[in-house]
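Try each task before you read its solution.

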Amino acid sequence: MHLDEKTLESNLMFDGKIIKLYKDKAKLENDSVVTREVIKHPGGVCIVPLTESNEVLMVTQFRYPFGKILTEIPAGKLEWGENHFDCGKRELKEETGCTAEKFDYLGCLLPTPAYDTEVIHMYLARGLSQAEQKLDADEFLDVKKVPFDKALEMVMNGEITDAKTQLALLKTKILLENEKN
């Protein structure tokens, strides 16, 4: 079949807390056999928490692979088989201390489809109520309010480099504009 690859062999090379790394052999449409390295990941959720004052609750945290602090929207990893909406509500409360009256599903994204099975689901959360933040024991982050237009500016000028944050903010902008029309 055109544009199809058939897995001939799959070998688990690493079984970690977050990811599993496989080294596969795959057959291409021209009958060539190639090696494919695949990271299996349970997926994640990110949330754009938008206040009544049109501010986004953003988090700043150290991201070890890049060795620096990044500004992002609240997000978290799914447990294997977990419902992404339930995960999103949990992550919003854990990271910001907020609950929301309304969630709009913004779709999903595939951050690195060439070698990773991760799917990130995106939500807009509105009607926020403040409660108590409940970070994981190994989670350290700061929450800050950023005017929505400023957050969009930060995306466009490269201050926000995180893909899920960029896409979720831009999709939120389009959703809000469509609601006005």
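**Exercise 1. Find which residues the ring pairs link into a cluster.**

Step 1. Rings of Phe, Tyr and Trp (its six-membered ring) pair if their centres lie within 6.5 Å; planes under 30 degrees apart count as stacked, over 60 as edge-to-face and the rest as tilted. Searching the whole structure gives 4 aromatic pairs.

Step 2. Take Phe-85 and Tyr-123: their ring centres are 5.6 Å apart and their planes stand at 50 degrees, so this pair is tilted. Phe-85 belongs to helix H1 (residues 84–96) and Tyr-123 to strand S9 (residues 120–130), 38 residues apart. Helices (H or I, at least four residues) and strands (E, at least two) are DSSP runs, numbered from the N terminus.

Step 3. The cluster joins Phe-85, Phe-103, Tyr-105 and Tyr-123 through ring pairs.

A note on the source: this is a predicted model, where local features need pLDDT of at least 70 and side-chain atom pairs count only at pLDDT 80 or more, while totals for chains, interfaces and linings use all residues. Residues are numbered from 1 along each chain as its sequence is written, and side-chain values use heavy atoms, leaving out hydrogens and water.

**Exercise 2. Decide whether Tyr-123 is buried or exposed.**

Step 1. Buried means under 20% relative accessible area, exposed over 50%, partly exposed in between (1.4 Å probe, protein chains only).

Step 2. Tyr-123 has 5% relative accessibility, so Tyr-123 is buried. Phe-85, at 29%, is partly exposed.

**Exercise 3. Work out how S8 and S9 run.**

Step 1. Two strands pair if DSSP finds at least two bridges between them.

Step 2. S8 and S9 are joined by 10 bridges and run antiparallel. Cys-108 has His-121 in S9 as its bridge partner.
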